[in-house]
Amino acid sequence: TPNAARRKSLLEATPTPQQKGSEVKTCVPQSFRELFVCKQFTLCPKDHSQGRLPQSMIVAFVNGIYMSKIEDDSYMDARGDHRQEMPIYTYSWFLNKFGNIYVAEKMLLQFLVGVKSTYPESRSILNMARFLGIAKPLPRMALDIYLFVLNLLWESDRK
């Protein structure tokens, strides 16, 4: 599909942690530490609420990430490529969504702060927090199963 081809080029252009090097500070979960390029966004604000997105926007981003990951995983499987880990995929998703690395990383950090501060209140956000390594991590297979079931549920809703 055109979206998959566009994502493919972006995913291939996304720097890997080995390409980046330098360490990221405090607010960023360990699983994202080497992904950020714009280091000014990595400092943790004193007041988390100022960098926090509304919960409705966090849920919309979570659903968007899941939907795109399902499509991209199918594409990667068809090509025989390995699926991306969720933190790297999420970073790529924000780059794809916002285009500009400065804006993408700022929004990603706001998303991560929002996920971290709201996951106790929402099961869907808790699952994303666990897949991203913000809360107690789940095994990789759990993500694959979760996305498989979500896809089945979303497909049954379309019928």
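## Helix assignment and overall fold

A helix here is a DSSP run of H or I with at least four residues, and helices are numbered from the N terminus. The model is predicted. Under this assignment, α6 spans residues 123–132 and is followed by Gly133, a residue with a positive phi near 85°.

The chain has seven helices and zero strands, giving the pattern α-α-α-α-α-α-α along the sequence. Of its 159 residues, 42% are buried.

## Burial of helix α6

Helix α6 is mostly covered, with eight of its 10 residues buried. The buried residues are Ile125, Leu126, Asn127, Met128, Ala129, Arg130, Phe131 and Leu132. They pack against four other helices: α3 (55–79), α4 (86–98), α5 (101–118) and α7 (140–158).

Asn127 belongs to α6. Its relative accessible area is 12%, so Asn127 counts as buried, the cut-off being under 20%. Leaving aside residues up to four places away in sequence, Asn127 touches Tyr66 and Tyr146.

## Packing of α3 against α6

Two packed helices are described by the angle between their axes and the distance between the axes. The axes of α3 and α6 come within 10 Å of each other and cross at roughly 55°. The α3 helix is therefore oblique to α6. The crossing of these two helices is left-handed.

On the α3 side, the contact is formed by Gln55, Ile58, Val59, Val62, Ile65 and Tyr66, which meet Ser124, Ile125, Asn127, Met128 and Phe131 of α6. By class, this contact of α3 with α6 comprises eight nonpolar residues, three polar residues and no charged ones. Tyr66 and Asn127, both part of the contact between α3 and α6, also touch one another.

## Lys116 in helix α5

Lys116 lies in α5, one of the helices that the buried residues of α6 pack against. With a relative accessible area of 51%, Lys116 is exposed, because the cut-off for that class is over 50%. Met128 of α6, in contrast, is buried. The C-alpha atoms of Lys116 and Met128 are separated by 9.9 Å, and the two residues are 12 residues apart along the chain.

Definitions and conventions. Residues are numbered from 1 along each chain as its sequence is written. This is a predicted model: local features need pLDDT of at least 70, side-chain atom pairs count only at pLDDT 80 or more; totals for chains, interfaces and linings use all residues. Side-chain values use heavy atoms; hydrogens and water are left out. Buried means under 20% relative accessible area, exposed over 50%, partly exposed in between (1.4 Å probe, protein chains only). Contact means heavy atoms within 4.5 Å. Axes are lines fitted to C-alpha atoms, for helices over the stretch in contact, and angles run from 0 to 180 degrees between N-to-C directions. Angles under 35 degrees count as roughly parallel, over 145 as roughly antiparallel, 65 to 115 as roughly perpendicular and the rest as oblique. A crossing is left-handed if the near helix is turned anticlockwise from the far one by less than a right angle, and right-handed if clockwise. Ala, Val, Leu, Ile, Met, Phe, Trp, Tyr, Cys and Pro count as nonpolar, Asp, Glu, Lys and Arg as charged, and the others, Gly among them, as polar.
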